[in-house]
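This report describes one protein model, section by section. The sequence and coordinates are shown first.

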Amino acid sequence: MTLPGFATTEGTAAYRERFAGTAAEGHFRFEQGLWLSSVGTGTYLGDWDEETDRAYADSITRAVELGANLVDTAANYRFQRSERSVGAALGRLSASGFAREEVVVCTKGGYLPFDARPPAGQAGVRAYVEETFVRTGVIQLSDIVAGSHCMTPRYLAHQVAQSLRNTGLETLDVYYVHNPETQLQVVSPEEFDARLREAFGQLERERGEGRLRFYGVATWNGFRARAGDRGQHSLERMWELAREAGGDEHGFRFVQLPFNLGMPEALVSDNQPFRGGHVSLLEAAKALGVTVVASASILQGKVARDLPEHIREPLGSLATDAQTAIQFTRSTPGITTALVGMSRREHVEENLQLVRVAPASPEDYSRLFAHGEE
């Protein structure tokens with residue numbers, strides 16, 4: 001079964017209204033005409049087995065039931081199994097009374113994904129790539145960069161269609177080009193711009209055909225690198241490329257990057273060339289009207305343990321360090337949603353206690369940085 005529709009202003013407003021008596025002020029944020037929860041569900045980690053498939057489907061379902069309406073996945077997460085778990089959860093939610101229009105589904109393409117499990121050995125990998133992508137005319141071997149990355153128009157068209165099948169959706173809400181900085185390991189900045197412009201052009205065509213609503217880039221290092229580094233991305237330049245591809249009404253409206261207590265570059269690094277000067281990524285995004293979604297909010301648990309009191313107290317002295325780490329990210333001005341990978345129901349129920357907790361006030365948040373200046 002394919003679920004028609006997409007997240008809408010009315011649908012996400014209705015979702016927000018479900019929690020009118022329980023959600024704290026500031027949990028829902030209005031961006032791009034949608035009400036988005038300040039905590040979202042990520043689906044990156046986990047084994048590629050049916051038990052993990054079921055756990056993710058259960059966790060995503062529970063997260064939406066508790067007040068998190070943004071779900072993030074990617075074609076290559078767990079060899080397409082995470083997208084399929086998202087699809088299973090959406091089917092359950094639809095059957096239990098949640099409308100498609102209430103949930104914001106984000107996915108990504110760029111890496112060559114295996115199907116359900118990795119092939120055996122290098123020969124198996126080569127055979128899979130040739131059979132799935134090369135012989136079918138989706139890509140040429142020369143399109144592959146760094147052994148695993150591709151963002152040609154034909155490839156992205158193929159991947160959007162595959163993600164729609166995996167999730168069981170008619171339309172994706174947000175589609176990211178996944179880690180485009182991978183291309184900069186190989187190609188010149190000029191060639192990179194040309195390739196990204198073509199990629200955006202294809203995503204504009206996908207928008208025109210109703211297969212996705214918005215697009216953007218999901219990066220790991222690209223927006224965190226220092227200005228001038230080879231793998232660094234300029235958000236302003238990407239915006240210009242999107243305008244060239246789609247005009248003033250282009251769909252480049254979202255970016256995703258890691259942001260957490262150990263990786264605060266989006267806030268503290270003025271690495272973005274912008275209107276003749278340099279600003280932080282969050283400042284540039286605000287000026288351009290681009291929504292920022294944070295990945296790795298607890299950095300796979302590395303910033304969710306043994307937090308000192310001078311961090312815990314301004315963020316509300318919450319019950320757990322995981323909640324505190326998420327609270328830091330969701331309270332950062334300019335971050336709309338803090339993604340947390342949650343494949344266990346108990347983690348969902350622990351972390352989403354934050355739905356009932358207001359984000360830290362600007363005054364309390366600023367105290368985190370004042371301590372470091374003492």
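Is Arg-253 buried or exposed?

## Arg-253

The model is predicted. In it, Arg-253 has a relative accessible area of 16%; because the cut-off for buried is under 20%, Arg-253 counts as buried. The residue belongs to strand β8.

Apart from neighbours within four places in sequence, Arg-253 is in contact with Gln-32, Phe-214, Tyr-215, Trp-239, Asp-248, Gly-289, Val-290 and Thr-291. Val-217 is 36 residues away from Arg-253 along the chain, and their C-alpha atoms are 9.3 Å apart.

## Nonpolar cores

The largest nonpolar core contains 81 residues. Phe-200, Leu-235 and Phe-252 have the most contacts inside this core. With neighbours within four places in sequence left aside, the contacts of Phe-200 are Val-177, Tyr-215, Val-217, Met-238, Leu-241, Ala-242, Ala-245 and Phe-252.

## Helix α6

Helix α6 covers residues 189–208, 20 residues in total. From first to last C-alpha it reaches 28 Å, close to the 28 Å expected at 1.5 Å a residue. Phe-200 is among its buried residues, as are Phe-192, Asp-193, Leu-196, Glu-204 and Glu-206.

The elements covering the buried residues of α6 include the helices α5 (153–167) and α7 (235–246) and the strands β6 (172–178), β7 (212–218) and β8 (252–258). After α6 comes Gly-210, with a positive phi near 80°.

## Helix α2

Helix α2 (residues 50–66) has 17 residues, which should span 24 Å at 1.5 Å a residue; the end C-alpha atoms are 24 Å apart, in agreement. The buried residues of α2 are Thr-52, Asp-53, Tyr-56, Ala-57, Ser-59, Ile-60, Thr-61, Ala-63 and Val-64. An α-helix has 3.6 residues a turn, so residues three or four places apart point the same way.

Among the elements that cover the buried residues of α2 are α1 (9–18), β3 (39–42), β4 (70–72), α3 (81–95) and α12 (345–351). Gly-67 follows α2 and has a positive phi, near 120°.

## Largest pocket

The largest pocket holds about 780 Å³ of space. It is lined by 35 residues, of which Tyr-44, Leu-45, Ala-296, Gln-300 and Gly-341 are the closest to its centre.

By type, the lining comprises 14 nonpolar, 17 polar and four charged residues. Helix α2, strand β12 (335–341) and helix α12 each contribute at least two residues to the lining of the largest pocket.

Definitions and conventions: Residues numbered from 1 in each chain as written. Predicted model: local features only at pLDDT ≥ 70, side-chain atom pairs only at ≥ 80, totals over all residues. Heavy atoms only, no water. Core = buried A, V, L, I, M, F, W, Y, C linked by side-chain atoms within 4.5 Å. Buried < 20%, exposed > 50% of the residue type's maximum accessible area, 1.4 Å probe, protein only. Contact = heavy atoms within 4.5 Å. Helix = DSSP H or I, 4+ residues; strand = E, 2+ residues; numbered from the N terminus. Expected span 1.5 Å × (residues − 1). 1 Å grid on protein atoms, 1.4 Å probe; cavity = no way out; pocket = protein on both sides within 12 Å on 5 of 7 lines; lining within 4 Å. Points joined across faces, edges and corners; volume = space filled by probe spheres on them. Nonpolar A, V, L, I, M, F, W, Y, C, P; charged D, E, K, R; others polar.
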